[in-house]
Structure formats: structure tokens, C-alpha cells
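The structure is shown first.

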Amino acid sequence: MVRQLRPSAVRLLALLPLIAYSSAPAGQNDVPEKLAGSYEYLVSYRDTHAGALYLPREGPFKGLPLPYSFTDSARYWGEYVCKQPSVSCEVSDYYDPGDYAIKSRPGQGALLQAERVDVHNGTNIYDAATWQIAVVLGSVVNHFGNSLDLDAYQLASNQNQVLGRLHNVRDIPTGSRATTLNALFLYNGSRITDPKSAYAFRMTAPVWLAPDPLKDSRYSKLIRVGTLPGNNPRYLPGLLSWSDWKPITGDNAWAFFVGPLQAAYIHFVLGLKESFVPFADLSVQNAIAALPAFAAMQSRCGAVYYAPEGTITNAGDAAVNPRFVSVENNLSLFAGLRVLEATLAEELSGEASLTTAQKLLIARNTALIEAMLSGGPLPGDRHTKGLRAFLRVHAWREGEFVQGGFADEPGAAGEWRPVLEPKAVDVNTWGVAALGSRQIEAWYGFGAAYRVWKSLRHWGTYGKEHTLWGVGYSDDDGNGETPDGTFQSGVLSAEWTAGAIVMLRNMISYYGSLSPNSAHATRARELVAELRSDERDLILGMQHLRFSRYTEEELPGKPPDYANLIAGTKSPVRSEPYVYASRRYRLPFGWYANPLPSTSSTAWAILVADHYDPFGYGGMPN
């Protein structure tokens, strides 16, 4: 149970992220460079300034600035991706009168077109959640402004409106929810028909008939189109019906808990010096409305399943095994539930205007959160051992976190069957950050958190010669540190490197807090010094993926003539996004990383600069 703090203690807690930021060891490598330009990217329109935002022109969100996930161009796809060896972007699109959709005929070209349409038009709700935190943080802590003449929290809260203002407009995927339809989207056997209590889809788009970025370009000849309905002007060559309808647990945990609640904390507590986030705020209302869906997806052993039944996998047309569990998703949810629990506790403690009914609602939701975290009864006469038990007993194996597995399979001999390969970087970096080094070492002994990082260095880090730059995605990336201390250069991720920085800071905070009289005091001081050195290396390494610098440097796998593929004439000089990856690379998890300006990567740079840990309530390390 989260301890309720007195208002005076809450006000002190509110200042701690700023204190931590200002008291961090100073140095030119300790803060990402050109931070104002990175913030500018997050609050500028893509069409006019090559930024992250767009303005819906129709539907329920008309006139509401919202973020895209990436900034791309027709040249990137047509001149680079489509001209790769053994790649064919030629595609044949057709109209299907059965569901009124424009589809592409199966083949390599169809997969590439779907990727282009998703990247060009899509907003991943996780990306939007990181954007929410960064937009408010940059305003409150760094005092950055925006040219939209909008309050930063008002801008960030637009995403809360997307999640909260439900609609049923076929032409607008944004705001749709994965409600149960017959056998589709069953939540661990339960039906959820109220949209407010259902998962959101991981990707949204402003229109259902979405443009291929090659449309109206010199590469449009790669798209062949059959006969389209002549009586509907919306059906045009180069459009494709939106097809990414995947409600995923981890993305939803960020979208409903981590992103909006942290942004609200920054606004109300750090900015306005209140002691709590108001219970009536849409961030809180959306969170408690969605909580039952996460509870429905929790298994007996404590794991929360990856996706409702019928959800399609990242690669292909097969459905996800409904018993599959992503450990990273569970860590995101663990952190999100704790942030929600703390938010509700502060409201109950400090919000004098709460009605009796509201207090009872907070109490019921707090009890449900505690059951999900530590074990207990769930709705529908079910029982769970809780996330803590699952993460301690099943998610941890031989000194690190496994990427996933299968929980409570019917007829299985045990309650958990792990998936051991490939190893995932983020499940280990986020694992230490979400649980906290103190918890990990209480479970597994002194040095356990540090050993996670040491193991990851061997198979997941990226660098040049003997200099550490960052991390990639998995143990299949061609990365890692060799026995002689040389780093390999497979693929570098800005976003996942930022997550590694947060992990390192969690360990630095923990080891630095040990008493000088502790039996481990000497070793703890040595670890802090080593981890601070790695932290500086990672912050400096991230800068290689800052747009202007990436454009100028030579990195393995970087697209030739990159500046002319992406920059264009509309890029403002001071806009400094971070690209998602150092090269185009197909991850073993079923999707492509691209060296494109990325909303989430840029948002994480703001969090890193301001020492704000999104896994801990109020940005403090767990």
C-alpha cells in the first residue's frame, strides 16, 4: 500500500526531481546538446516545420494538435528503401467491396507499403505518452515555449481527449477502442463492451483511408491500383485502408498510466505547486476507467497477457497466442500501476473537496491495484498471485530478465513456460528501473542489479573501438563488448539508450544511498564511479543520433546522402529531433527500426536531460 504523505511532505517531494537535476554532477557530457531544438521538434507541425505534430482536418478531433510517431519522406522510401538489394516496392492495390477497404495484394510490396503507411500516418500510443511527459517537462523545468500559443499541459492533454472522447466514426481510427465483438478481442475470456473500459489500439491515424507517402511523388508508379468506387471521392489511388488494429498491454500501460499521470504530476505539482493531481482531471478518469481491462488480462500466476484474443502478430496474419506474456509489458504495467496508486493516495490525502462516493471509488481502485501488484481477488471471482510474484519467480532467470513466455496454459505441467531467445535489451534496462535496484537486490542479493548491466554490456551494447555509445535492441543485433573491451557496431537505438541511462541512474541512486557503515560500502562507491562513467558515455553516445549530427557523421549502415533523403527545405535550423535507429534494421521482434526523426526518441532526450525517471512516481527512481 502506498504510504499517504502529509501535504508538506508532498510539496517537498514535488521539488526532488528539480533538486536531483540541479545537483547532478556537472559536465559537458551530462546533458544532451541542443535541447531547445529537440523540444521545438515536439511542439512543431510536420507539414510546415518538419516537426512531430499534425492538425486533424475532420472528425471529432478536428483542430486538436496531436503527435505523429515519425517524420519521413517519399525520398527515404523511394530512393533508399525501395532500392535496397532484393527489395521490390511494387505493389498492386485493389478495392474490396466486402468491407469497403483498399488493400494490397500479398507479397513483399504489400508488407513494405503497410510499413510506409503506418510510419507516415501513425501515432503509437506509447510514443504519444512519452511526448506528453516531455512537452510538460520541457515547459515547467526548462521553461521552453511553443509557437502554437498553447499551454504545455493543454497541448499534452489533447492525447487524453483522444483516449477519453470516444466515438464510432469509421473514417477516423484515432480514439477507437478494442471492444469485444463476438470472439474477437476477448480479454482472457472476458467480454468488454464498454469502450471506456477497453484497451486502445496501439497505433492510431487521422484517417482510415491513409496516404502512402509515395502517393503524388515520382515514385508513385510503384503503386498499381485496380478499379475504385466511382461514386465516392474519398477513394483515390495511393490510399490504403488503415490495418493496424492491435490492442497491446504495454502500450496501453504507458498511454493510460505512465504518460498522462506523469505529465499531470509535472503540471499540477511541479508547476502549480499543488500537492496532488485533481481527481477530476481527465488523466485520472481515463486511468481508472481502463483499469478493469488490465485486471481482466491478469493470469493466476500474476502475469498480464500481451493482447486480447484475436489480436494479430507484428509479422504476418496469424493471431497472437492469448497466453503469451511480454515481460517488458508487465514491467511497464507494474510501474504504471504504482504511479496510479500513488496519484490516488495523494488525492485521498490532500483533496478536501472529494465526495464520499469519490473516496469510495478511490478505495476500490486502490484495492484492485494492490491485488494486481501483490496478489489477491480480481473481478469475476478470480485470484492472482500478483505482478511482484510473477516478476520475482518467473520473469527472472540466471541473473537477468527473460523477454517473455506463456502463462497458465491449459493442460501445461507448470504455470510458466519462458521464451529465452532472443534476449531483449529493454526488458533488462526497464526491469531495473521499474522494480528498482533496491527491490532487485532485496530479492537476489547485493550486486544483482549491477550484474544485469554487466551481462547486457556483453551482448547488447553498441560502441566504437573501446568507447561505449549506447545499446541496441536484442542479442541478435551484432552488438556487444568483446573480451578485450572492444565494442561492436551493429545498430544503435536512441530511445533504448535513454532507457539504459535511466537504469544506470537508478543503480547510482541506490548504491550511492548505502550507509558508509554497510558491509558493501566500499564496493558500492566503486560501482557508483563506474556507473557514472557509463552514464556519461551513453549520454554522449546518444548525440550521434541527434539529427544534425547524424546527418553529418558516418555510421555503419547509415543511408547514403541522408541529408537529402530527410532534411528537405522545411526543416528549421533549430529543430533537433533524435532519429530512432542508426540504420534500417529488422528487429527479431517482428518490425523495422528506421533512421527517421522519432517522437519517442526525442521525448526521451528531454527526460534524460531533466533527470526525470518515468517509471517512478514524480520522476524519482524506484
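Strand β3 (residues 91–96) and β4 run antiparallel and are joined by four bridges; two strands count as paired if DSSP finds at least two bridges between them. Strands here are DSSP runs of E with at least two residues, and helices are runs of H or I with at least four, numbered from the N terminus. Tyrosine 94 has lysine 103 of β4 as its bridge partner. The model is predicted: local features need pLDDT of at least 70, side-chain atom pairs count only at pLDDT 80 or more, and totals for chains, interfaces and linings use all residues. Residues are numbered from 1 along each chain as its sequence is written, and side-chain values use heavy atoms, with hydrogens and water left out.

The pairing belongs to an open sheet of three strands, in the order β4-β3-β8 and with mixed pairing. Because β4 (101–104) and β8 (223–225) each have a single partner strand, one side of each edge strand is left without a neighbour in the sheet.

The protein as a whole holds 20 helices and 22 strands. Its radius of gyration, taken over C-alpha atoms, is 23 Å, close to the 25 Å of the globule rule for 622 residues, so the protein is as compact as a globular protein of that length. That rule is 2.2 Å times the number of residues to the power 0.38.

| Property of the protein | Value |
|---|---|
| C-alpha trace along principal axes | about 75 × 60 × 55 Å |
| Buried residues (under 20% relative accessible area, 1.4 Å probe, protein chains only) | 59% of 622 residues |

Note on methods:
Buried < 20%, exposed > 50% of the residue type's maximum accessible area, 1.4 Å probe, protein only.
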